[in-house]
Amino acid sequence: MAGVACAALLSTALIQSPAALAATQMDKRADSSVAAAEPPRIELGSPYTPCLANDCVARGGPGQKATFTFSPGTADADVVGYSYKVSGQDAWSRADGRTATVDFVPPTGGSYTVWVSSVDSRGVRGVEGSLHFQVAAGEGPVGRWHFGEGSGVAVDAAGADGQDDATLHGGAVRDDRGRRGLITRDATGGSLEEPVTDKGLSLDGTSGFAQTDGPVLSTRSSYTVAAWVRVDPEADGTVTALSQSATGSRSAEKSGPFSLSYDAAGDGRWSMRVVSDDRATHEVTSPRPSPRGVWTHVAGVHDASTQQVSLYVNGVLSGTTAVGAGWDANGPLQFGRALHAGEYTDYLRGSIDEPVVWGRALTTAEVRNEARTMVNATYAAVELVADFSAARANGTSIEDTTSGYGKSLSLEGGASVGEGRIVLDGVDDAATAAGPLVDDTGSFTVTTRVELDEQALLTKDVGFIGQILGQRSADGSAWGLWFEYVGKETVLDEETMEEIQVPVGLWRFGRLNTDGTFSSVTSEQVVRLDGAARLTGVHDSVDATIGLYVGSAEQYAPKAFAAEAGSGDFAVGKAFAGGEWKHFLPARITEMRLWSGAMASPDQISNLVGD
């Protein structure tokens with residue numbers, strides 16, 4: 001009977017009304033022995049000040065520490081710690097003690113809130129309090145160059161400390177393959193009357209470089225350097241994107257204070273090399289290679305306060321190392337070469353665009369924002385790097401005549417072009433282009449218009465997976481657009497008025513793993529293959545996510561994705577898996593395009609990709 005009574009009491013508690021439960025909680029709050037009756041006090045340390053109703057002044061800046069001190073309300077006797085979190089943090093943290101002090105480093109400028117509750121000896125949280133404060137934006141860059149001029153010097157667009165224009169020398173020229181691509185919107189989101197084709201700096205690897213008239217950075221202090229770089233596939237040796245030189249006797253003693261370089265003689269890794277005041281050389285190197293012939297964003301951050309340097313590749317921190325004290329170099333900023341032991345060397349063969357330098361150490365969040373290369377809040381700068389249209393087929397070859405990167409797609413097996421479409425039989429037909437076409441670890445956007453062959457698919461087993469297009473890695477798929485055959489559906493044939501079976505399946509964007517599983521984002525619904533579909537995949541290296549659009553409709557939310565560097569062919573209608581080509585897809589494909597950069601919104605995809 002005691003068990004029955006307990007069960008009855010438990011049942012009564014479980015069916016207690018929401019209003020009764022709320023009242024119970026209020027009663028508990030009123031008892032200070034159970035939980036604090038008032039929010040804790042929050043003190044904010046210098047240089048920040050709390051926001052008031054009519055006064056909210058931005059102070060400090062990104063990377064400048066904020067300090068909070070938590071103490072109990074006047075009537076709260078039983079307080080042993082605090083539960084708190086700050087804007088941008090998903091999880092609550094714990095600070096022990098009747099009074100506790102915690103630090104927070106703002107990653108960017110903007111509005112922040114700290115929420116805190118006291119915790120009593122029973123582990124019960126009290127009333128929640130909050131404090132708002134404003135973080136000032138960090139100082140802007142001291143130099144930024146777009147190379148968008150028709151001729152003459154490259155104008156310093158930053159203008160924070162005067163003009164540090166750069167002069168082009170030797171085999172340095174501007175071309176129409178700038179990383180910002182075709183610019184159709186302004187900074188406010190409005191449409192430009194005339195779209196602008198972005199320009200970049202093209203260098204020949206032997207005599208081409210650009211330089212400012214004098215030093216741009218105080219290299220004894222903190223600084224950050226960044227640029228988009230495309231290393232030519234034929235480049236050899238070490239090539240340098242950005243450096244600053246020294247003049248006079250100092251240059252004969254040592255190299256310049258830093259160089260942001262790529263090892264084209266080895267396995268293709270980026271590095272940030274720093275020479276300290278004691279003449280020692282320190283270097284931080286990316287943990288994995290980056291491909292050539294594609295745009296990659298690289299940044300180096302020198303923090304004089306911690307005497308460390310960090311390297312970022314495509315917005316992702318690649319490593320940090322100690323570098324010792326810095327020294328002021330009095331020479332000009334160099335684009336495409338570096339000074340070593342009094343001699344200029346490491347001439348870059350390839351392209352540089354959007355180089356930018358700051359006289360401070362950027363936070364990781366700020367480097368990530370720079371790597372996004374946004375035109376405005378909803379449009380990212382994207383550069384078309386491949387454009388294959390069946391309408392431009394010439395025999396068994398489809399030339400890319402529009403992007404300026406000159407790749408060629410070759411038809412294989414029995415693949416043919418008919419009625420403006422590449423026709424693939426799903427047996428051995430395919431098309432390939434020498435890759436990589438994009439940096440798989442960087443941000444990119446890919447689109448295609450595809451119509452699957454229903455009758456040929458009906459001959460496949462349910463569970464069949466075919467690749468529409470993708471780029472391979474050493475042992476399989478780096479990424480791809482895929483179709484997965486999941487079943488058959490009985491429908492009424494409108495011409496014969498008879499019931500027929502048709503294949504249905506899922507669109508996927510991502511990687512087919514070596515064990516046969518997918519790391520992908522999938523279409524929201526099982527699709528019937530009753531016509532052509534526009535598919536667009538977006539890889540965002542900064543957020544480490546992938547997204548899929550059918551038409552301009554986003555399929556679910558972007559999904560976390562661990563990028564894998566590709567090593568070769570861009571393939572259409574097949575995929576490399578288990579040491580051989582397979583996953584041949586019966587389909588008709590109209591066109592394929594790839595951009596460096598992740599398109600940032602359905603509106604951008606609708607306007608740039610089309611239907």
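1. Let's start with Asn314, which is buried, with a relative accessible area of 3%. That value falls under the 20% cut-off for buried residues. Please keep in mind as you read that this is a predicted model.

2. Next, please turn to His583. Is this residue buried or exposed? His583 is buried, because its relative accessible area is 19% and buried means under 20%.

3. You will find His583 in the loop between strand S47 (580–582) and strand S48 (586–596). Here again phi is positive in a residue other than glycine: for His583 the angle is near 55°.

4. Now for the peptide bonds. Which kind of bond joins Ser46 and Pro47? The bond there is a cis peptide bond, with omega about 10°. To locate Pro47, follow the chain into the loop between strand S1 (41–44) and strand S2 (58–59).

5. One further cis peptide bond to look at links Gly435 to Pro436, and its omega is about 0°. Pro436 belongs to the loop between strand S34 (430–433) and strand S35 (444–452).

Methods: Residues numbered from 1 in each chain as written. Predicted model: local features only at pLDDT ≥ 70, side-chain atom pairs only at ≥ 80, totals over all residues. Heavy atoms only, no water. Helix = DSSP H or I, 4+ residues; strand = E, 2+ residues; numbered from the N terminus. Buried < 20%, exposed > 50% of the residue type's maximum accessible area, 1.4 Å probe, protein only.
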